[in-house]
Amino acid sequence: MKKNWTIRKENPKLRDKISKSLGVSPLSAQILINWGIGKETEANLFLNSTLFDLPSPYLMKGMDRAVERIKRAIIDREKIAIYGDYDVDGVTSTALFYTFLKGLGADVVFYNPDRLREGYGVNMEAVRKLAEGGVKLFISGDCGITAVKEVEEAKRLGADFIVTDHHKPPEELPEAVSILNPQLPDCKYPGKAIAGVGVVFNLVVALRRALREDGFFRNGEPNLADYLDLVALGTVADCAPLTDVNRIFVREGMKRMENPKRTGILALKEASSISGAVNTFDLGFKLGPRINASGRLSTAGKAVELFISDDLRSAREIAKALSRENSERQNMEADILSDAVRQIETAPGILNPNSIVIASTGWHPGVIGIVASRIVERYERPAILIAIDGNGIGKGSGRSVEGLNIYSALTECSELFEQFGGHEQAAGLSIKAEKIERFREMFEKAIAGSGHAYEPRLDIDCEVDLSQLTDALLTELGMLEPYGIGNPEPVLAARSVEVVSQRTFKDKHLGLRLRQGNVSLDGIWFNSGEVSTLPGKIDIAFTPEFNKWNGRKDIRLRILDVNL
């Protein structure tokens, strides 16, 4: 589908003011303005923020109570259980807090549920089993905000519960010792969009401070910056916006992953064929999927073991095993995607004008969320895939298009579900097979009635001449990283660019040699779709980047769209 280009309006006066004040190019200054950074102080903080700019963890509601309870558990040698979710955010939350408490000499174990047997969230039977094993304090990671009955059961069994989560709270909250969640309406912590691992990191910062004040550390205290590798990985993999607090977390965490101290990160980089610096693409599409594969296909405990291991040989074996599971997951994904597309293209009533709901008995429920994302990319409308088990219960995962709240749409269909949850762009549900057809109708009606008319749009930060693209400019644009949700890569446009040469490779990518005036540059259009050849002159929308190959570093234009 053709994209509508929207050229952002320039603000020459403010642009020049920020450019002069911060010593950056007018182009960089205009991009900052486009991202809603309209003051010099804001721009300076964006470009130069450090760990010292992080807000106090004690701004988070319930932090003091959580710290005091954990301190007592450490001093009294009570058994503590870290109960984490099975995705990357949950795994990193678990590994971070486990290694921190273990380093303090605490009696601590961890538990991550089996996705297929136990499902999302805190599991009742697991709580009972852990309590029977002597656990006196449960601390959740990236889950627990809906665990009303499970927390009550823990109390009945003589164990306390601290919830750390970042998902939207329901009306009824668990009666825990403390609930740490920046989404609570009366929580004053400013980083509302932090991931679950970010909440855990804040708890660790506050706990270390309290222990320091008590004189706990006699032989030196832990360097919490060493935990930021896990915070960065969990934040990016959970698709949290890379703004404000998250931007600091991820930028500082990636620095520490270039030459990692953590054995598991080193082994995971090796298994992913990553050397040297790590970027957000590596986190989201190379490292993260290997960790997720464990929780999707079996249990996430193996991934936690990777991050808490000090033995390089063992870590390498785990990392290789995770890579094999990821390859298996990719094969499953390809098969499910092929089947889903076949159904969409042939079965009547599935490809609705505003939405897609599709189900099958042959799909693995741990993979359908990824395939739903592929369906959204292909058909450009919200999609929900449902895997039906042998008992006639369907587990569904949904993804949405930009600006359309899929969670709100599902809320209008909630009477049909066994359970559901999620947020604006992604959600999950459980439904009986016989209700799926009715759900397809109600979901389409909810999306159609949302008032959101989705049109593929490409926002252009600035129009440029290719002569403006210098090594110095691209190096400066690197100050705007890390890129991701909420902090997208700059998108530029150039008019009347001559196509000197072009070639298709791997049957889906287009390599170009482009020229404007006296400047010639290479371009690459990944997944160019049906476009196999281009005319002699085109307008291009692109992101400039350094292409490093065989010891050379050249400027390359990553093409996002063209106007013929």
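Student: What makes the largest nonpolar core a core, and which residues have the most contacts inside it?

Tutor: In this predicted model, the largest nonpolar core has 93 residues. A core is a set of buried nonpolar residues joined through side-chain atoms within 4.5 Å. Those with the most contacts inside this core are Ile70, Phe97, Leu101, Phe138, Leu306 and Phe307. Helix H8 (residues 196–213) gives the most to this core, with 11 residues. A second, separate core of 40 residues includes Ile336, Ile356, Ile358 and Leu385.

Student: Which residues is leucine 306 in contact with, leaving aside its neighbours within four places in sequence?

Tutor: Beyond those neighbours, leucine 306 touches Gly264, Ala267, Leu268, Ile291, Ala315, Ile318, Ala319 and Leu322.

Student: Why is cysteine 462 called buried?

Tutor: Buried means under 20% relative accessible area. Cysteine 462 has 6%, and is therefore buried.

Student: How do you know that the buried residues of H7 line one face of the helix?

Tutor: In helix H7 (residues 148–156), Glu150, Val151, Glu153 and Ala154 are buried. Seen down the axis of H7, the buried residues fall within an arc of 160°, so they line one face. The face turned away from them carries the exposed residues Lys149 and Arg156.

Student: What covers the buried residues of H7?

Tutor: The cover includes helix H6 (124–132), strand S4 (135–141) and strand S5 (160–164).

Conventions: Residues are numbered from 1 along each chain as its sequence is written. This is a predicted model: local features need pLDDT of at least 70, side-chain atom pairs count only at pLDDT 80 or more; totals for chains, interfaces and linings use all residues. Side-chain values use heavy atoms; hydrogens and water are left out. Buried means under 20% relative accessible area, exposed over 50%, partly exposed in between (1.4 Å probe, protein chains only). Helices (H or I, at least four residues) and strands (E, at least two) are DSSP runs, numbered from the N terminus. Contact means heavy atoms within 4.5 Å. The arc is that of the directions from the helix axis to the C-beta atoms.
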